[in-house]
Amino acid sequence: MAVIPALPAGLPRLAAWTLYGIAQGCAATGVWVVAHECGHHAFSDYQLLDDVLGMVLHTSLLVPYFSWKFSHRRHHANHASMENDEVFVPEQRAVLAWYAPCVRNPVGRVLFIGAHLTIGWPLYLMFNANGRAYPRWANHFNPYGPIFSVGRERILVFVTDVGLLAVLFTLFKLAAVFGFWWVVRVYGVPVLVVQFWVVLVTYLHHTHHALPHYDSSEWDWLRGALATVDRDYGVINYILHNVTDTHVLHHIFPAMPHYHAMEATKAIRPVLGHYYKRDATPIAKALWREAKECIFVESMQDRKGVLWYSNKL
């Protein structure tokens with residue numbers, strides 16, 4: 001990074017900053033994954049150590065550690081439940097959003113994908129976009145919002161907010177010394193890359209035509225845990241600590257550390273048989289296909305409580 005300002009102005013310097021932002025963002029996404037493991041108490045044998053480290057790492061990336069830990073825990077407890085899952089809750093045909101038909105054409109699909117990958121993460125944190133329906137505004141920063149129901153959670157959400165304000169104040173002071181655009185180049189762009197990877201990876205884990213969702217008449221924890229799919233991102237698998245291609249295992253054993261996830265996945269595949277889902281479709285092709293085919297869910301006539309993705313309006 002120190003040598004980039006010494007490069008000739010124009011294209012060489014722009015290319016160098018772009019490569020820096022992408023590389024730093026990929027590495028920082030690996031840090032995000034470690035903090036995610038801390039939230040599952042999968043990093044060490046000590047809850048306090050996990051929470052302190054997770055708080056430091058996630059807060060440095062402007063992620064509300066405790067707030068998201070609590071909602072993410074409920075996501076694992078209720079995965080694929082139409083009523084109780086916290087995020088990636090698909091719409092049903094009868095209550096489709098106004099923009100849903102637009103996704104069926106290529107231009108609308110490009111806009112949908114672009115919006116998801118750039119602003120999807122902050123919209124989820126601030127407005128619960130694509131999340132569970134609550135009777136009032138839900139977000140990850142209000143200790144008294146409907147996501148958090150007990151006093152201890154609310155106290156830790158407040159602690160999370162204080163940590164985020166401290167990071168924002170630090171960024172403000174850095175901008176005052178080095179300039180706004182320096183902060184954007186050094187910190188802002190990598191954080192945007194982190195958000196890109198978080199949304200891309202989680203969207204493709206939970207969106208596939210072979211993944212069912214269940215209403216309360218059919219849902220149970222194991223069915224929900226198995227309603228996810230492993231993907232192959234090539235070398236990115238290793239940079240992201242294999243969170244990409246061991247997600248089925250993660251939903252069954254969320255407290256398992258990432259450094260055992262590959263061997264454990266190999267062990268459970270023959271046990272799960274056809275219940276184990278893996279799709280090796282190239283990621284760009286898979287993203288385009290899922291955005292095209294997985295617009296809403298609907299039940300089949302023979303199983304009213306089991307809902308499948310469709311795009312046939």
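Analyst: Let's start with a word you'll need: a residue is buried under 20% relative accessible area, exposed over 50%, and partly exposed in between, using a 1.4 Å probe and protein chains only. The model here is predicted, so local features need pLDDT of at least 70 and side-chain atom pairs pLDDT 80 or more, while totals for chains, interfaces and linings use all residues. Residues are numbered from 1 along each chain as its sequence is written, and side-chain values use heavy atoms, without hydrogens and water.

User: Okay, let me try that. Is E86 buried or exposed?

Analyst: E86 is buried, at a relative accessible area of 0%. M126 has 36%, so M126 is partly exposed. You'll find M126 in helix α4, residues 106–127; helices are DSSP runs of H or I with at least four residues, numbered from the N terminus.

User: How do I read a salt bridge, and how many does the structure hold?

Analyst: Side chains of opposite charge can pair when their charged atoms come close. The cut-off is a side-chain nitrogen of Lys or Arg within 4 Å of a carboxyl oxygen of Asp or Glu. This structure holds ten of them. Take D51 and K69, whose closest N and O atoms are 2.9 Å apart. D51 is in α2 (47–60) and K69 in α3 (65–77), so this pair ties together parts that are 18 residues apart in sequence. D51 is buried at 9%, and K69 is buried at 13%.

User: Which residue does E153 meet in a salt bridge?

Analyst: E153 meets R74, at 2.7 Å from N to O. This pair links distant parts of the chain, with E153 in α5 and R74 in α3, 79 residues apart. Both E153 and R74 are buried.

User: And what does E86 pair with?

Analyst: R132, with the closest N and O atoms 3.5 Å apart. E86 sits in the loop between α3 and α4 and R132 in the loop between α4 and α5, so the pair ties together parts 46 residues apart in sequence. R132 is partly exposed, at 25%. Elsewhere, shared partners join the salt bridges of R231, D279, R289 and E290 into one network.

User: How about empty space? How many cavities of 30 Å³ or more are there?

Analyst: Rolling a probe the size of a water molecule over the atoms shows where empty space is left. On a 1 Å grid over the protein atoms alone, a cavity is a set of points where a 1.4 Å probe fits but cannot get out; lining residues have an atom within 4 Å of a point. The count comes to two cavities of 30 Å³ or more. Of its 14 lining residues, the closest to its centre are E37, T246, H250, H258 and A261. Two or more residues each come from α1 (11–39) and α9 (247–252), and α1 gives the largest share, three residues.

User: What lines the second largest cavity?

Analyst: That one, of about 40 Å³, is lined by F112, I113, H116, L117, V199, Y203 and L287. Helices α4 and α6 each supply at least two of the lining residues, and α4 gives the most, with four.

Terms used: 1 Å grid on protein atoms, 1.4 Å probe; cavity = no way out; pocket = protein on both sides within 12 Å on 5 of 7 lines; lining within 4 Å. Points joined across faces, edges and corners; volume = space filled by probe spheres on them.
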